[in-house]
Every structure is written in C-alpha cells, then in structure tokens.
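Student: I have a structure to go through. Can we work through helix packing and a chain interface?

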Amino acid sequence: MPQIDPTKPRFWRSVEDFTSGADRPKAAHGYPELVGREFPVGATEIDGATRRDFLKLVGLTAAGTMAAGCMRNPPERILPYVRQPADIRPGIPLHYATSTSLGGYGIGLLVTSREGRPIKVEGNPDHPASFGASGTFEQALAYGVYDPQRGKHVKRKGELSGWKSFKADVISRLEAAKADNGKKILFLDGPTASPFDGWLRKQVGKTLPEAKFVTFTSVDRDAVFDGTELAFGQRLETRFDFDKARVVLALDDDFLESGPDRLVHARDFARHRVPAPDGAEGAASLGGDDAKTRPSAGEWMNRLYVAECAYSVTGGQADHRLRVRGSDIICLAAALYARLVPDGAADVAALAAPYKDSKWVAAVAKDLSSRGAQAVVTVGTRQPAEVHALAAAINATLKSEVVEYGRPLLLDTKSGSSTLKDIVAQANAGQIDTLVITAWNPVYAAPSDIAFADALTKIPNVVYYGQFEDETSVHAHWFIPAAHDLESWGDSTSIDGTVAIQQPLIAPLFDGVQRGELFGAFAGMPDSTAHELLREAHSQTSADMTANGGFEPWWERVLQKGVLSPTPPDTITPTLQTAKIGERLRPFKFERIEGIEINYVVDNKVHDGRYGDNAWLQELPEPLTKVVWGNVGMISPAMAEKNGLAAEEIVKLTVDGRTIEVPLFVLPGHAEDSISLAIGYGRTGGEAIARGVGSNANALRTTSAPWFGSRATLAKTGKSDRLGITQEHWAMEGRPIALTAELADVKRKHLPMVEEQNGPQPSMMDEWPNTSPEGYRWAMAIDMAKCTGCNACILACESENNILIVGKDQVRRGREMHWLRVDRYFEEVDGSLADAKVVVQPMACVQCEKAPCEYVCPVNATVHSDEGLNDMVYNRCVGTRYCANNCPYKVRRFNYLNWHNSLQGTYEMKMNPDVTVRARGVMEKCTYCVQRIEQARIATRTENHGVGRVIRDGEVVTACQQSCASGAISFGSLHDPKSEVSKKHADERAYAVLWELNTRPRTRHLAKVRNPNPELA
Amino acid sequence: MSAAAAHTPVPEHLREAPLIEGPQSDRTLTDSILHPVWRDPGRGWWMALAVTSTFLGILVLCIAYLLLTGVGVWGNNSPVFWAFDIINFVWWVGIGHAGTLISAILLLFQQGWRTSINRFAEAMTLFAVICAAIYPGLHTGRPWFAAYWLVPIPNTMDIWPNFKSPLVWDVFAISTYFTVSLLFWYVGLIPDLATLRDASVSRTRRLVYGFFSLGWRGSARHWYNWKWAYLLLAGISTPLVLSVHTIVSFDFATSIIPGWHTTIFPPYFVAGAVFSGFAMVLSLLIPARHFMGLKHVLTMRHIDNMCKIILVTGWMVTFGYICEYFADWYSGSIYEVGQILVRMLGPYAWSFWLLVFCNCIVANLFWFRSMRRNLWVVWIVAALVNVGMWLERFVIIVVSLHRDFMPASWGMYYPTIIDIGMITGTMGLFGTAFLVFLKFVPAVALAEVKELRYETELQLQHAEEAH
Amino acid sequence: MSASKPKPPTHWILGSFKRADKCLAAIRALRVSGEKENLDIYSAYPLHGAEAALGLKRSKVPLIVLCCAIFGAFNGYTVQTWANATSVSSLSGEWLGSLRGYILDVGGRTAHAWPLNIPITFELGVLISAFGAVLGMLIINGLPRLHHPVFEVEAFRSAQIDRYWISVTTKDDLKREQLREQLAQLGAEDISTVEEGADE
Amino acid sequence: MGLNPRSPMATTSHVLFPRWSNHLVRAALGAVGIGAGMLLIFAFAYFRSPLFTRQNEPINQPVEFDHRHHVRDHGIDCRFCHTTVEKGESAGYPPTEVCGSCHGQVWNKSPYLATIRASLFTNKPLEWLRVNDLRDYVYFNHSAHVNKGVGCATCHGRVDEMAAVFKHPPMNMGWCLDCHRNPNHNLRPREFITSMTWKAEDPEAIGAAVAKQNNVHTRTSCSTCHR
C-alpha cells in the first residue's frame, strides 16, 4: 500500500530537481509517496493525453487499487484521474505488446498492466520467437522493473549529479572531439541486433565519424560465426528447426534452455517428444504454425543424444547421454566427422583417436546417417569454432533439413573477450579519451587475466550506463542509471529476423535514462526523447508503411501488434569447404588434461550475472541441482567418493594460481575428473540481493580457457555450507510417482505401471453431484514427455499469484513458497548413479475430488467449489497446518512468518490485485489460477446484454500453461469431451499420481516417453 | 492391627500391607494430613517455587515472542508441519489421564488403595490438561481467529466450523475433559474444605475455606447426594477419559499419512496415556510423600500397585507397537512399509530405539518385588517412561511426516530454542501450579481416608468377633 | 416461608458422639420414639448406614444426570447436523440468516456423515451431565448456604473433624426439653439448642 | 501454625458467616448468571448493529457533492459518472474533467467548486473517501451484478436522497449470502437498473422472469468471492 512512509527513501527525477525542489511530492498535500514518485515533471506535460503521458500519471490510482493486493485495511482514499487517459479504466487489465532482448536477440512480450502498473509478462503470440510462451528471464522482468535496488541517480565520480549536467558535459566533449572526428571516443556495447541501435550508431557516426563501437559479453556466440566461417568461408547465423528433426545429437548444447530461440526449440522439440502428433496439439494451441513442412513418412517421435559434462536441461531429455569433459567434445565431434564425412577421417585422425572405436559414437553415427535429412548435430556456444565447423560439415553431409543459415543479424559478430584485450591495449596506449560502456558490467564479466578495471583508470572519461551501481560503476566517472526494458522505447530483432517494437509500460520509476536518449546525446540530439528518436528511426526505415496509409496509422498498428510485418528470414545455402576444415584440424593434437578439469556453465537463473539482483531468479531452484541462492561446484558421485568429498563441503578451488572457495554438490551423471561451476555469482557490486551470493567463477576464467580446458585443484577447507536445496532427496524409492515408458511399449500399449495407477476408484460415500450450472469440471493435464523442467512455469505462477520470496535461510528450513514445484528424480542405471537418468515432474495442487486436506480443516477454510476446485480461502484460514500434513502431494505452502515484510517500496506495486496477498499464519496453494477462471466467467456471463454464454475450451489459460513453451500443460473443463484436457486425460499415458489413495486428482500426469536406440540398450 | 496380626495364621509376606500405617484416629489423620496446609511451607518449597516459576516466566516470554513473530519461530517446516507443539500437547494430555483413571475407574472397581492418591492424581490431571490446552490454540497461525472460529457461534459470516475435522472434536474433547476433571476434583474437595474451615483457627482462613466449602455441614443428606454425584461423575469420567485420548489419536488415525493412518491408535494411545500418567504420578508422589510426611497414607503398597499398573500398560503399549508394525507390513503398501523402515533405520532411528528401550524394556524391572520397593529404581523408571512416551509422539508425528509419500518433498526437522523453551516452560507452569496446590489444599482426600480407616476398623472388629 | 401469622420459630437440638455406632444407635432410638424427617446426622465422612438409619428416600441426582446426558447428546448431534448438513432457505436476514446451516463439499464427504458426528455428540453428553451431577447435588443439598443454625454452635466444628453429631428440630417448646434429655440419655455430649430465625 | 493443641472447640467470638450471607451469595450467583446471558445477547446484537457495520453514517467528502441535486433534481444517470459499472469490477470514479465538463459553463464561479477548479488547474487529483469499503480479500465485480439485473439502489440504497452518501446495507458476508442463495427478489429488468424509484409490484415474479431471461444462477462456492 502506497501510504506515506517517512522511512522509505524518496526519489527525485534528478539532482537539479532536488536542489530546485521542483515536482517533489508535497507531503503537505497528503499525496502518497508512490504518487509523488510517479508524478510528472510539471502540469505542462500532462496536457495532450498521449499514452506516454498517462503512463506517468497512472501511479495516481495506485492508492485506490493496490488495496486489493494486501490484507491491510487502512482508511481508504480514492484518487481518480484529473483527466482520464483514453484507454485506461481502473480495474480493467490492459495488455501491451513490447519486446526484450537477451544476448542481442529479441523476444516479443505481451505485458499485462493494471492501472498502469505492469504486473505480468507473457510472450507475444504474434511474435515468432515467443509465440505466446515465455522463459524464466522474461517472467522475471516483472520483478526487475520494480527492483528497489536499481540505480536511482546520475552520478559523477560517485557524487549526485544529474542527466542535464551529463548532457552538458557530453556536448562540451563533442565540441572537443570534433577535431579528431571522435576517434578517441569508444563505445563498448553489449551484443545487439536492434535496428534502432543500428540507426543510433549511424547518427553518432554523423557527428563522430571515427568513433568506434565494439561489443562484449562473457557469454558470446562468436564460436558459431567463427565455425561457419571455417566451414563455409562466411560468418553465418545458424538456425535449427527441430520440427523437422527426428535424430538429434547435441554436443554440449543446451538448446532447450539457452540461446536466442530456446522457446521455439522447446516447442518444436517437444512436439516430437511424444509418440503421436495428437499429443502435440498443446504446442500448436500456443500459436505454433502447423504449416511447417513435416516429414511425411517415418517415425513421429524424435531421439536425442547428448554429450556433455554437467547435466543440463537438454541433457535431462536425452535418450542417450554421454558424460564427457568439455574438452573431450572436440574428439567426439572429430570421431563422428571421421565416420560420417567422406574422406574426412584422415584430417581428424589425431583428434578422433580417443573415440575411434567408441560403441556410442558408432551407434550415433549410424542413427544419424540412417535418418539423413531429419538428423542434425548441434553444438553449444561453449565449444570452440572447430567443433562448430565439424558439426556444420556433418550436417551438410547429412543434407540436414533441420539446420538453416542466414546472414548475421547482430550488428557485431565479434563480442568475445578479445574486445576487452584491445580496449586495455588502447587504453594503456592512451588512445581512448572517452569510453562509453553500455555493455553489462565488463569489470565483473572480464576474464581473470584481463586487467580491465586497471585499464579504466587510464581513461580520462569513463561513462557507465547500467541498471545497477555495480562493480563497473565504481570505476566509471559517470554512472547513468539505465531504464528497464519495460520502461524504454526501442526495438529488437529475433534470430529469425523479426523486428519487434519495445514500448514502455510505465514511466521510469527511478528516473532511469533510456538507451535511445543516451546515444541521442552523443548523436547531437540531446533533447529529443527516445520515443521521438524511435519514431524517426522507423519513419526512415520501414517500407510497408505506405501500404498502410502513412506513418501514423502504421505506427499505431505496430504498437498494437508489437511486431513489424514479418520479413521471411533470408536463408543462405553455403558451400562446404572440407579442405579448409582438414587444414585447420590436421595439426590438432589432443592432450588430455591430467587431474581435474574445471568446467564453467552459464547459469539458468542469473545468466552471466546480470540477473543477480532478481530475487525471483535467485530463489528459483536450479533445474538439476535444485539449489537456490548461489552456485555450487558440481562433481560426480564417483569423484566425490574417490577424493573423500561430500556435498555441502566447502573446498578451495585453484586454477593456475587463482583461488576461490565454493561448496560442493554431488551431481549424478556428471563427467568424471571435472568440476562444474556456474558463472554469474560472487558479485561485489552495489546490488543488495546479488552481493555475496555464491562464488565468482570469473575470478578463475581466462581468455585461453573461457569455459573449460584448464586444470583445477581441490583442497578441503574443513568448512561447510548448508545449501538452500528445495529437493533434498533425489531417488523415487521405487514408488510409482513419476512414470516413464519406452516408445516401443507405448506403441504396443504395454504400460503396466500406468495401468496400475488408473482404473475405478470405489467410495463408501455417495458422490457429490456436479452442481455447477454450466457443468464445468476444471482439470489439468501435465505431459511429462514434453516438460523439460525449465522452471518458467514456477516464475509464471509466482508472478501471477503474488507468491513471496523467503530467502536462503528459510529455504534451508524448508519453507519455500513456490506453489508449483518441479520435482527432479534421478533413476539409477544398472545400480549406479554414474549415468543416472533424469525425470522431471511438475507438481502443484492436483485438486483432488476427494481431497484429504479438506475434511481435516476445522474452520472450512479449504473446501470444494461446485466446479471441482479445491478452494483455499485465505481469509478464513487460521493456520492449523493440518491440511498440509494430510496432503500426500505436499503441495501446500504455509506463511510461517510475515514474508510480506520483505516487500519494500516499489515492489509492492508488482502485486497482482486479483489475488489476495496472504498474511502471516495462513496456508496457501495453487487453485488453478481461479482468478483467471472467474475473470473469464464474468466476461462470458455478462456478454450479450447479460444473457451470457459458456466458457469455451482454451478461454481460461493458467499462468503456468501460458508460459510453457513446450506445451506440457493443458487446462480446461472435463465436461466437454472435446476439450484438450479431456483428450489428454483419455491418453493411454495418463495416470493419477498416488492413485491408490483414491484422492481422485483432477490433474493427471502423462508418463514420460523415452526413445532409446536398440543398439545402445 | 498388629494385634489382629497375632491371631491370623497367614504368613507375614503374603499378608496385604495396610493402606494406612500405624494406629490412626480421625484426629491424628486430620492433624497429619492438614499439617502441610497450616505449617509454614519452608525453604525447600520456596526454592522449588522459585525454579518452577522461572520456567513459567520463560514460557510467558516464548508465548509473547511467538504471538508477535509467528509460528516460524519454531522449527516446524514443510513437510513437518506439526512438531513439538502437537507432541507436547499429546504428551501432556496423556499424563492427565492417570488422574482420572485413579479417581474414576479405580473408584468404580472399589479399589481402596486409590483413596489416598486420588486427590493428588486429580490435581495432576488438571494441571497437565492446562499445559496441554496451551498448545492447540497457540500452534495455529492466527490464534485470535482460531479462538472463536472453531466454536459453533452464529456469526454474520453465516459460516460454521467443519464438524468433520478431528481438530474440532479435539476442542470439544479437551474442554469437556478439563471441565469434568475440575468439577470432579472440586466435588471431592468440598468436605475437606469444610474440615479446613472448622479445624483452622485463623479467622481469615476460616472465611476463605468457609466460602469455598459452600457451607458444607456433613449432614447425612448431603453425603447421600454427594456420594451419588461423585459416583456418577466417576461413571461418566470413565468413558470420557477413554474417549479423550481416542479422539486425540483420531487427529492421526483419520489422516492418510503412513504411520498415522492406523486403526490401532485409539487403544494404544489410551494405554500409553495411562502408562505415562502413572509414571508422572509416581515421579511426583515419591518426593512429595517424603517431604510432606504422608508416608503413613501414601504407603509402599500404593507405589507397588502403581508399579504393577505401569508394567501392565507398558506391555499394552508394546503390544500396540507390534500390532501397528505388523499391520503396516501385512498391508503390503510400499508407503507403510517404507514408513516402518524409515523409523527403524532412517535419520531419526535413534528416537525410535530409545523409545523402545524406555517404553518396552525398562518397565520390566517391575516384575521384581525388590525393584518395585526400591524408590530410586521406581523413580528413575518412571522418569524414563515419561521420556519414552514423549519420544513415542515424536516418532509418530515428526518421523512420520518427514518422509511421507513423495520423496521429492522429504525433509528434515530441527527444533529451535523456542521449541525447547516452551516444553520446559510448560513444565514450569505444571510445577508451579502443583506447588501451590500442595500448599493450600490437602494433598490427600481427608474425608475418604477417614472413611477408609473407619471401614478397616469395622472389618477388624468383625474379624475379632469371628474369633 | 410465606406465613400470614407468625409461626413459632424452629429450634435445633444438637448433640455430639465420640463413636459412630453410638450415634447411629441414638438415631434409631429417636426414630422409634417418633422423630422422622426432623432428624439428621453430621459426620466428617459418609457414615455407613446413616441413610438407612434416617430412612432417606432415593436420591434425585441420577435422574437429573440422565436427563442432562440425553439433552447434551441430542444438542451435540443436532448442532453438527444443522450446521453442516442442512440449509433452511426460510432463514435469512441479519439475525436468522446467521442461524442457517451451510452445506459445503468437504473433500467429497457426504454432508450428513453421521459417524463423524459421534465424538462431539458424546462429549457434549458427558459435559452437560457432569454439570447436571454437580449442580443437581448442590441444589438438592441447598448449597451454597454459608450460614446455617447448626454453625451457631461453636462445638459443632468437631463435626468435620472427629465427632458425630445429631440434630433434631422441633417447633414445640415443650418437646424441646424432652428431646434434650432423651439425647443426654442416649449419651450425647455438648447438647445445645439453637433457635432458627423466622426468616430461615 | 498447625492445629491448635487445645480443642478446636475453643470459643471464638461469634458465628463465621452471618445469616444474611446466604441471601448475598444467592443474589450474587443470580447476577452472574443473568449478566453472562445479557453479555451474549449484547454481543450478538452489537455485531449486527450499525455501531459495528458503520451503516447509515454519512461520510463528508472533500467536495460537497450532493447526489440529491444531481440525481433526483437533474435526473443524471449513475453511469454518467460511474462509467465502468457495466464493464469492470469497479464502478469507476469520475475524473475531475467530468465535473469540469458541466461546471465549466454552469456555476463555474461557485465557491463550492473551488476544490474542483483547483484540481483542474493544478492537476492534483481529488481525494474522495471510500464509502462502501469491502475487505481487500473480497472480490466484488459490478459488471457481473449490474448486467444480471441487480439494480444500483438494491445495494446502495436511495442515493438520490442522500446529501452525503452513506453505506446502506450491512455489507457483511451474511448479507451477500442472503442474495446469493436466493437472488430473485433483488432482480429487475435492465431498463430500470439505475432507477432509484423503481418498485416491483410482485418482486418474486419479476425476479424469476429476469432470472430466466438473464440466465441468472448465483453461486455460493468460496472462490466466487475469495481468491
């Protein structure tokens, strides 16, 4: 509740305002703090109700509507608008299409806004890269925009300054730079494919012809382009269409969880992860286009081989997984190359040696070649260019239809650490006067052998533009707080070339500066807003504008759809140059690293560290280890035994002289003699949440071995750290809980385990009649064959249902609040965990028809609705916790303490007003997003003059279902036999978890299907 | 009596020991039994009170902190949503049972030896139930609502408690049990209060005791109705005491959790209750009779009988365990069998084996007369039994919950300092209440002892006349 | 006592005995000599044969308890069934509405699941009958009554300790002396007479 | 002190309790019993009385807006200001410009409207006080009710007769349930939805008809209102 709270920090638009006292919240007027914070610069700006303007105003209604979010009951005030914006109505949610970028590639978003507060992020159905689905990072934007830790002031040498002062400074410098065409001005940017950025760079180029733009990220994709360059002689974008793939070999490639089109990959791969097409409509209903040319003949279900070091999400889906160190992959690739590429064997003989006679390689090679065009080899960005080249060669030889190439979309395809090397050199040579850093936190992200921070001291004027005051900002002369993606105008290009518009949902909460405005300042347009610049950029570039009757109507359409009329991705069919590859690889010798090899992985939660301050992501369980709040050194069980190491034990990890301390985690299926460590932790910047969580892997990484390839030594410290783990027990104990079946058995309908968990369920009591007037019987189906365990659903649920974070210590105590958890079980393979298989099982309240939780509640706080929902009435709950005890699925969560205390300032604006925020001492759980059901009901019941109609199948979409890219979750009503969920319940793989308890869950799980290669069985 | 002994040929060791030792008259009994009430309590009493009231203070602090901060101050978590709170509740209620059993059931069975220990045991029941009653209220997340939403009061929400929930049964069972115990205790107390009124010299005492004795005159008509009331109270207390722990056991038996979902619970919960209750009576009575000079009415024969009851109930409990585990194993359900294995071999196996030792093995010492006569042995065994019964509830509640159906949601439980503070705190409350009781009310039912003396005297006369 | 003309005051003649059998013998003797309802015995514990000697009628307490038990149990069951398994539509509005039952689907259990109502039915039966027993006993005994004529005899305090007392009441002044002598003959000590106030 | 070594029959001055103490005790017992009963009845009544429900308490708004004047005298429809009542969960509060739209011409000098003009010129919103304040965990949706034939006056009373608006019904759960269990007598044809004066000669019959036409079926499941 935005009540006046003197303890809260106050925010001013700039230090000038601070000194002049302009547009500060006047407590005398009794305006709530939040209102003041949101209030625009002056009355003048309010005139002319364009969307941008009311976005600034919307905070006004917060006082009235936020109340719905929390249980507190203050003397309530209502602050209506002075002038009602055209399209905003209190209490009616609005959806705006926008987009965000990660690693330079865009993903379209559809953001739900309540009274001008963005409260929920979804994928934009019209955007090919998200098709309505979204991943963890997209979901987490809704937290990021309200993160109270974000940088709030323009600072000069750490002193409060202002945007105006900065612009003045820039202008003066530009004058000075005119002399040498700005050749001493350098822009260090992150990777981007945004046309707007391209346009801005052009504008900057006009004033500063010789100013340079370079790119850096610690998770670059350079290898992809270098690989194609080696294989085809040109740098090319590589795209995969897994809808066409039947046999996939992923070499250290987590294509389902990482990369610019991971969502598309997940959808297409999952569509063929089931025995037959009909099971795959979940994905189709999410907007996947079925027009795609499908292989007419042959097996529908695909087969996945994975070779990797640490278990990845993709690895968990593998039918056959080979545990190898990162540095062995190249040999594996070479061995395949030798077998598959005609007369390639000679070139790679030396490399292929270790896997020359490998049964695994032989079988995979055979399978790939037998599938030909429907087979593909993918390689992860961690692998060097050579491996990419080998894979490209194999794919070309297979004439794989799955892979396609196009011209690079990134403005700059070189973004590796070499960039930083050059900058350091130039800086030391005094060739840089002004360095403008818009890349994320290079000081932290730089490899340990590049003294980037020192180099910065040699540069007279360093400008750092970032969302947080972090490791880099302390070395910068200027810190410019960046506006969040949901606060900025801009655009993005997805990997298939689709350009999407980025439009702000809310005025910058902390007076962040938008990218456009920053570059605008250097382009000699200091006073034009990002909005104006973007319009200008597109007024020049967009072609089909005239077709739509001029700019304005076209622009309106673009803003509504969020996507510029898609241009079909240009495909290039390059010619393979095996000679070049041989040339490069012949001299290669493979010398194995003795002892333990260190293996760095990109983190699924904080990525390269940029999301370190996002508490949602920090508290998200890592998909395989289920560890929250930090990174761990992952080692194989055998290795742990050999070296007498145990989980949670802290070890000293030393790589050529550099040492960090890290707690261990024993991960089944991990490669021997290697330790894996996620990057992005051990932050020391100003972000309160990120600081001190985990250990900094960048302190060990080197330019020569950015991901693997260097020797590590482990030393016991005698210390240990109790990790925050949301699932302490990995084994299923032989219980029929997460069922799996092999394709062959599914085909011949031989599923004894599943049948055991089905069948009639007699009851001593007479059944409750279905008293629902429309007869709705809400139900859910979760297809474990499609679920990759990527966690997007968990965050979607967290974001939709106001689920609060509890922190590491409370997770340790087993008090995490996620309504939806993704259980991960390891299955021993012939009695050992070495090559354990993984099965993941999303588990939320299954809405039992004979719910054990209900009859034990003394106050009727959890009872059944007439439509079969297991209602949880928070305001009636007294918190005996009896229901949770008696819940066999243990999906209920209890507010042991007042987690709501942890919410501060702006974060409260995130709360979804349609869901009660639970007080201390109250039980909570999933209710199938009942608020969405009720919204749909009211919408349909009030149609055609109140006569109303029945809710159609697919009109109610739960948050988890909406986010799921692979379409593993279906929701609907069982009263309609044609509904998707009814079909899924009828599927031969469908079963009720813990069926024998006769709880009659409304959520049915569909057994996971594996498609093993008989030759390797 | 010794005179009577001379006549009888029955050898000494076979003869039943007397329930009242030494030549006693109504006067001497009044004198000795009321003596602790009159005399200055003495340093020992004050010191004991200081200790117990300190723990009582700790309890108050813990409760304040709990109410201000939330149930999270305890170690409870997911999946172990219930822990010390409910363990202590069940443990205290169980202890209470011995009192009612002694005063009610033994009365119906006309066991003369109950007479001089019943007052003592009933008081213990009251205080134990008070300690127990603290938990069900406080363990909820929002006690201020629980306080009235669990009771069927017509309210403007038009909504009622869910009478299908064993927790509501608990509310009724515990409150009924407390009320009935209180009434039973007080009815028994009225004549003694009258005696105190008339035997005291100080006017204030006479006024106070006079007020609480409600003007009891000891008229034959009074006694006539009084005996009926007392007998009937005993009559309804007997099924009540059985029902209370049965209902408490329903909290677990009606659920579906492996280790809870067991039909054997009601009988062995009751047996266990009596088991622990008698143990508690003994561990309080042995010091009390010593320090209060009541050895002549609280005789070795009383202790001996109680030891025998502990032996019997101990075996009933053991039999209960055996049945439970056999049923689990025989069910063939992997979850039930898994639960047995977890208890015996899991991370909390120590608690299981310790409980087996305390509840099933130690009590067997009482097969031997010498052990039953050795007060040190008796006291230690009694203490161990109390520990064992606490552990039984720990095993049932925590160990069952920490590993139930879904391995993914398994977890461990660790108590916090507040958990410890509250169990010791309730012991403080119990002790304080008990000391106050010993000071102001005759710890032995005077009127009943007199009656007993009179009857034995009559028997003696008849015996003599027979010769 | 509603009396138009002042009645002669009741007199209580009291005497104490050291031995119970003497006391009982005295009562029997007095009954032989025609005293009936106006006799009473006082002892520190329930005296065997006292009620026989006095020829008391059967106590009403058991009957009261029985009624209470039935009443309590009936209410117990009715309240539960009413609240969880009925919903009388005629009840509505601020006052009556809150008396209306609310049928809810609780875990698919039948609304009127009688076996689940047994515990509370039983407990309430017990609770009410316990109150019945205690209150019944007190009311029949006319308690609480802090003051009573017999308490005016200081010596009567021994009744609660180690003596057995007899009381005979009479309104007849002539009879008073005769009774005193009779008591003396029967071996009573501390014989004393109390005049009961007209208002008692 | 212990039992007096002499006989306890050592005389004390007078009797322990005087005769009147019996009356006192009985009186006291009676008082306690009756008192408890009274307390129960009082509590039962209190939570249903306006004292607790805060019914019929006119709330003074920052602007002396008189519904009698606007609704009764000028017959302005509710929806003129409360625009979203048929579309959204909230009925909506008029932005100041709506006031301005009329009062720009009429009464534009009136001192009563000073606050309005101030708001318009300074762009500071008016701060109204909520009259019908449901608990935050209660999700009431105006459109769901208005479209099904529940009239404004049914819940808000004769607003056209209120100088300052006040809460008309108790608005507690029991009150909601009464209608949700048997809505018919509160339904009216949609043309009369905003009418303050409409009276049905036979509410049940008309209600039944409207219910049939609008396909009204109320629910009493918890999640209907609590989410």
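Student: What is the handedness of the crossing of α11(B) and α15(B)?
Tutor: This is a predicted model: local features need pLDDT of at least 70, side-chain atom pairs count only at pLDDT 80 or more, and totals for chains, interfaces and linings use all residues. Residues are numbered from 1 along each chain as its sequence is written, chains are lettered from A and ligands numbered from 1 in the order written, and side-chain values use heavy atoms, without hydrogens and water. A crossing is left-handed if the near helix is turned anticlockwise from the far one by less than a right angle, right-handed if clockwise. For α11(B) and α15(B), the crossing is left-handed.

Student: Are α11(B) and α15(B) roughly parallel or roughly antiparallel?
Tutor: The axes of α11 (residues 300-331) and α15 (residues 375-402) of chain B come within 12 Å and cross at roughly 30°. Angles under 35 degrees count as roughly parallel, over 145 as roughly antiparallel. α11(B) and α15(B) are therefore roughly parallel.

Student: How many residues does the contact take from chain B and from chain C?
Tutor: Contact means heavy atoms within 4.5 Å. By that cut-off, the numbers are 63 residues from chain B and 69 residues from chain C.

Student: Which C residue meets B:Arg221 in a salt bridge?
Tutor: A salt bridge is a side-chain nitrogen of Lys or Arg within 4 Å of a carboxyl oxygen of Asp or Glu. Chain B and chain C have 3 salt bridges between them. At 3.8 Å, N to O, the side chain of B:Arg221 meets that of C:Glu37.

Definitions and conventions. Axes fitted to C-alpha atoms, helices over the stretch in contact; angles between N-to-C directions. Helix = DSSP H or I, 4+ residues; strand = E, 2+ residues; numbered from the N terminus. Parallel < 35°, antiparallel > 145°, perpendicular 65-115°, else oblique.
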